[in-house]
Amino acid sequence: MERLVFLFSLTALAVLYCMNTTPEFQEPVVILQIGIAVLVAVWFFYFIILRRNPPKDILFYVFAEFSFTCVVDIVSALEQDGFISGFMDFYQKTGEPYLATAYAIMMCYWDGIVHFIMYLVMVQCLWNSKSYRTLGLFWAGSLLANMSVFVTGIIVGKFGSDIRPAFWLNMPFLMLPIWAATKLFNKPKSGPTLGGYKAHYDQSFSLIWRPADLLLVLLLLGAMAFTLFRGLVALDSPLEACSTYLRHYEPYLKDPVGYPKVMMLLFMFYLLPMLGAFVYGLIVPGCTWMPDWTVFVAGGVAQCQWAHTGASFHPRTVAPFRVPDEAFLAVLAANLLYAMIPLLIAWRCTSNINFFLTISKLPGMEGMPWVPDADTLVEKKRN
């Protein structure tokens with residue numbers, strides 16, 4: 001089935017070429033009408049061919065539909081960077097001119113490559129009755145963060161006064177991830193939800209005896225400080241440190257396109273509390289929500305950091321707002337580390353979930369001693 005989705009998605013090339021060579025299809029309202037018609041036609045295609053053997057999960061239609069648009073996005077990015085031509089000239093002129101910005105180009109690369117691969121893998125898992133819950137949560141966080149920054153940046157940035165009808169084609173990509181995330185969070189987990197002796201043993205160690213978790217907590221605290229700091233920079237804080245950082249390290253935060261400022265504010269008001277919650281979850285055992293939410297947040301941060309970091313170096317960003325050459329390595333390293341921290345947290349929480357399970361005693365175990373705590377074990381080892 002994933003092969004069918006892949007091959008049918010490539011028909012987007014024919015649609016784009018036809019619109020690019022037909023002047024009547026290039027009017028702003030007509031672009032919106034054709035866009036809606038194509039989305040409906042893609043859904044109808046899968047509905048017809050699968051009517052005798054419908055998918056067990058309705059999210060199949062979302063993944064198949066969005067796979068089609070991924071081809072549109074990768075074509076847009078490649079054409080903007082000069083690798084191809086003849087497909088999207090009309091769309092950037094009369095459809096969505098903000099797709100020519102550096103942030104949108106990097107965003108389209110992520111959607112056309114990373115999201116496309118995710119859709120095909122999830123379709124394959126779904127069709128073969130395999131669990132795709134973790135990957136789905138990563139995708140939902142990625143796409144929701146992507147569209148939250150993109151749509152809000154269009155409205156508040158320099159393109160806010162020139163919004164074309166095709167802008168409304170972005171709404172399904174903003175709303176459907178919310179619905180999909182709700183379904184995925186409510187799906188039964190494939191792993192255990194209750195822990196016994198092993199989980200109790202892992203949860204008996206305080207943070208000081210868990211050096212890997214201690215390091216992750218320190219990284220999270222650093223990420224929280226960086227999140228708050230860049231939020232203050234985006235808000236034009238008069239602090240000298242903020243002014244210095246803006247001038248010499250990331251002037252892109254003040255790019256009038258609006259995307260970097262929106263991203264920093266979303267991070268400060270939404271990501272920052274989540275990072276604090278993850279610190280709590282690594283200290284206090286039994287936080288069963290940690291594996292799911294760390295994966296969801298990791299997807300959002302990875303996508304945003306890709307688009308933000310790439311745009312801050314991209315030649316489409318005007319020179320005064322690009323990262324200075326002398327700060328290239330420092331800014332790149334800081335942004336890469338910032339993107340990696342949520343990924344490391346998610347990996348830790350999903351690879352060994354004993355610390356995040358609810359402890360349950362089996363019948364007949366009431367009189368049996370539990371595993372001693374970590375301090376007792378260390379004391380016995382010394383003696």
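Leaving aside its neighbours within four places in sequence, with which residues is glutamate 96 in contact? In this predicted model, the contacts of glutamate 96 beyond those neighbours are Tyr91, Phe150, Ala166, Phe167 and Asn170. Glutamate 96 is placed in the loop between helix 5 (89-95) and helix 6. It counts as buried because its relative accessibility is 4%, and the cut-off for buried is under 20%. Arginine 164 is 68 residues away from glutamate 96 in sequence, yet the two C-alpha atoms are 6.7 Å apart.

**The chain as a whole**

The chain holds 15 helices and 2 strands. Its C-alpha atoms fill a box of roughly 85 × 65 × 30 Å along the principal axes. Of its 383 residues, 49% count as buried. The accessible surface comes to about 18100 Å², and carbon and sulfur atoms account for 69% of that area. Where contacts join residues at least 6 apart in sequence, 78% of them link residues at least 24 apart. The chain carries 25 positive and 25 negative charges, whose mean positions are separated by 8 Å.

Histidine 115 belongs to helix 6 (residues 102-127). With a relative accessibility of 0%, histidine 115 counts as buried. Beyond its neighbours within four places in sequence, it is in contact with Cys70, Trp110, Trp139, Ser142, Leu143 and Asn146. Alanine 140 lies 25 residues from histidine 115 in sequence, and their C-alpha atoms are 9.9 Å apart.

The loop between helix 6 and helix 7 (133-156) contains serine 129. Most residues other than glycine have a negative phi. Serine 129, although not a glycine, has a positive phi of about 60 degrees. Its relative accessible area is 56%, and serine 129 is therefore exposed, the cut-off being over 50%.

**Helix 10 and its cover**

Helix 10 spans residues 211-234 and has 24 residues. From its first C-alpha to its last it reaches 35 Å, close to the 34 Å expected at 1.5 Å a residue. Which residues of helix 10 are buried? They are Asp213, Leu216, Val217, Leu220, Ala223, Phe226, Thr227, Arg230, Gly231, Val233 and Ala234. An α-helix has 3.6 residues a turn, so residues three or four places apart point the same way. The cover over the buried residues of helix 10 includes helix 11 (240-248), helix 12 (259-283), helix 13 (290-313) and helix 14 (328-351).

Aspartate 236 is partly exposed, with a relative accessible area of 47%.

Valine 297 lies in helix 13 and counts as buried at 10% relative accessibility. Not counting residues up to four places away in sequence, valine 297 touches Leu271, Met274 and Phe278. Tyrosine 197 is 100 residues from valine 297 along the chain, and the C-alpha atoms of this pair are separated by 30 Å.

Is glutamate 326 buried or exposed? It counts as exposed because its relative accessibility is 70%. Glutamate 326 is found in the loop between helix 13 and helix 14. Histidine 248 is 78 residues from it along the chain, with 8.6 Å between the two C-alpha atoms.

The C-alpha separations given above are gathered here.

| Residue pair | Apart in sequence | C-alpha to C-alpha |
|---|---|---|
| Glutamate 96 and arginine 164 | 68 residues | 6.7 Å |
| Glutamate 326 and histidine 248 | 78 residues | 8.6 Å |
| Histidine 115 and alanine 140 | 25 residues | 9.9 Å |
| Valine 297 and tyrosine 197 | 100 residues | 30 Å |

**Cysteines**

How many disulfides does a search of the whole structure find? The search finds 0. A disulfide requires the two sulfur atoms to be within 2.5 Å. Cysteine 287 is buried, with a relative accessible area of 6%. Cysteine 242 is also buried, at 2%.

Conventions
Residues are numbered from 1 along each chain as its sequence is written. This is a predicted model: local features need pLDDT of at least 70, side-chain atom pairs count only at pLDDT 80 or more; totals for chains, interfaces and linings use all residues. Side-chain values use heavy atoms; hydrogens and water are left out. Helices (H or I, at least four residues) and strands (E, at least two) are DSSP runs, numbered from the N terminus. The expected span of a helix is 1.5 Å times one less than its number of residues. Buried means under 20% relative accessible area, exposed over 50%, partly exposed in between (1.4 Å probe, protein chains only). Contact means heavy atoms within 4.5 Å. Accessible areas come from the Shrake-Rupley method with a 1.4 Å probe; for residues, only the protein chains shown count as cover. Lys and Arg count as positive and Asp and Glu as negative; His and the chain ends are not counted. The place of a charge is taken as NZ of Lys, CZ of Arg, CG of Asp or CD of Glu.
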